[in-house]
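Here is a short briefing to read alongside the model. Keep the 3D view open and follow the topics one by one.

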Amino acid sequence: MALFPASALQPGVRKREVFGWAMYDFANSGYTTVVITAVFAAYFVGGIAKGAPWAAFAWTAALSTSYAIVMLTMPAIGAWADLRAAKKRVLVLATLGCVFATAALAFTPSFTGAGGVALAMALIIVSNAFYSYGESLTGAFLPELATAEGMGKVSGWGWAFGYVGGMLALGICLAYVLWSQSRGLPAAHFVPVTMLITAAIYGLAACATFALLPERAQPRTADVGLGAWQQLRVTYRQARAYRDFMWLLACTVCYQGGVAVAITLAAIYAEQVIGFVASETMVLIFVLNIAASLGAFAFGYVQDRIGHKISLAGTLVAWVAVCVIAALVTTKGGFWWAATIAGLAMGSSQSAGRAMTGYLAPPKQLAEFFGLWTFATRLASIVGPLSFGAITWMTGGNQRIAILSTTVLFVAGLLLLLPIDMQRGRQAALRAS
């Protein structure tokens, strides 16, 4: 089976262009894996905030602030990029912003008390906002590269490459952490180095994208006078024509809220509830990335065969099982089962959601519609983790109740998936072109 079969690609698209596009997923996944999930999240709670009762809430508040910024700005940025055929230019700027802010996290252990907490939160807000811009913009290239019938495969390749990149970054960081711990060095010594490693891998790997991926869109000179916000108002007035896309956005807010809990709080839950130490948590996240990579790659082929909607529904059922298992298990071995299922479900659900967005987005408004998708995913990233943090706080620190309550988000996602008619939505997108 060829990695990039020509039948899945748009006419004139070369395989090296798809490779360049997939390399951006490879580049930016180290950020979420190391910074948001495996290393800095737990260090912020236990090291910078000293395990204070409000620490997990402060972490989710910083992430939620960054997501709110993205929600308010990304749809307009996408519309602007569509009008001027500037997706690649904006992607370069977003990448530089995230790389530099991630590298700056290396300096946070030098500050103590409220100053250290404030600096760490500010840099997480900045770095995560730029990461989100990059994720949205790279997704907007997908329909330019893949056919409607190959959207699932190509999206799956990207996510699979992404998890490999996350494993590379985490693997190098894990090796350094284990070396540091063997010499009795504290987290304040090795955490800064892991931030620099992550930033370097992100920046270097993204260069392959900038070198190989062309900007295929053409400026919409007839509409450029509208401006980004005016274009958004036009799209809003036409929302009824895209009702299936709107149902997808509502579905995305719910199920991605649950996925966001897994991404942002897995390390904290593993260490504070199950009893993992830092090196065990990193190994856990490493294996989770292996499962996610396999899930994204294999499920992309399944998705194109059985349909996007059925595929996404299956992954949401798996997520419900993950939440129930994680809430009930008391041993590390039991939690490993939950993490493995979560990895498979994570890769496949994220790949399916991106492919569905590409399938339902009008070809001339890709960055704008992926900006709206990003609005939904970032709203989800506020709703999910903040709900988890608030429930944990209200129950006196009981994270088991909080993780069990996350099943509500996945069930709601399943219910909102039911009204979507993929063929009707695709025809609406093509009529708009």
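## Cavities, a helix pair and confidence

The largest cavity holds about 480 Å³ of space. Please keep in mind that this is a predicted model.

**The largest cavity**
- A total of 31 residues line the largest cavity.
- If you want to find its centre in your viewer, look for Thr32, Tyr131, Glu135, Ile263 and Gln350, the lining residues that lie nearest to it.
- Several helices share in this lining: helix 1, helix 5 (113–139), helix 7 (151–182), helix 10 (243–274), helix 11 (278–306), helix 13 (332–360) and helix 14 (366–394) each supply at least two residues.
- By residue class, the lining of the largest cavity has 14 nonpolar, 13 polar and 4 charged residues.

**The second largest cavity**
- The volume of the second largest cavity is about 220 Å³.
- Its lining is made of 21 residues, and Ala262, Ala266, Val322, Phe335 and Ile403 are the closest to its centre.
- Two or more lining residues come from each of helix 10, helix 11, helix 12 (308–328) and helix 13.
- Helix 10 gives the largest share of the lining of the second largest cavity, with 6 residues.
- In the lining of the second largest cavity, 19 residues are nonpolar and 2 are polar, with no charged residue.

**Helix 1 with helix 8**
- Two packed helices are described by the angle between their axes and the distance between the axes.
- For helix 1 (residues 15–38) and helix 8 (residues 187–212), the axes come within 7 Å and cross at roughly 165 degrees.
- Angles over 145 degrees count as roughly antiparallel, and helix 1 and helix 8 are therefore roughly antiparallel to each other.
- The crossing of helix 1 and helix 8 is left-handed.
- The contact of helix 1 with helix 8 involves 15 nonpolar, 6 polar and 2 charged residues.

**Confidence in the model**
- Across the protein chain the average pLDDT is 85, and 94% of the residues score at least 70.
- Confidence is highest in helix 4 (residues 87–104), at a mean of 96.
- Helix 9 (residues 228–237) is where confidence is lowest, at a mean of 59.
- Where pLDDT is low, the predicted coordinates should not be read in detail.

Key: Residues are numbered from 1 along each chain as its sequence is written. This is a predicted model: local features need pLDDT of at least 70, side-chain atom pairs count only at pLDDT 80 or more; totals for chains, interfaces and linings use all residues. Side-chain values use heavy atoms; hydrogens and water are left out. Axes are lines fitted to C-alpha atoms, for helices over the stretch in contact, and angles run from 0 to 180 degrees between N-to-C directions. Helices (H or I, at least four residues) and strands (E, at least two) are DSSP runs, numbered from the N terminus. Angles under 35 degrees count as roughly parallel, over 145 as roughly antiparallel, 65 to 115 as roughly perpendicular and the rest as oblique. A crossing is left-handed if the near helix is turned anticlockwise from the far one by less than a right angle, and right-handed if clockwise. Ala, Val, Leu, Ile, Met, Phe, Trp, Tyr, Cys and Pro count as nonpolar, Asp, Glu, Lys and Arg as charged, and the others, Gly among them, as polar. On a 1 Å grid over the protein atoms alone, a cavity is a set of points where a 1.4 Å probe fits but cannot get out, and a pocket is an open set with protein on both sides within 12 Å along at least five of seven lines; lining residues have an atom within 4 Å of a point. Grid points are joined across faces, edges and corners, and a volume is the space filled by probe spheres set on the points. pLDDT is the predictor's confidence in each residue, from 0 to 100.
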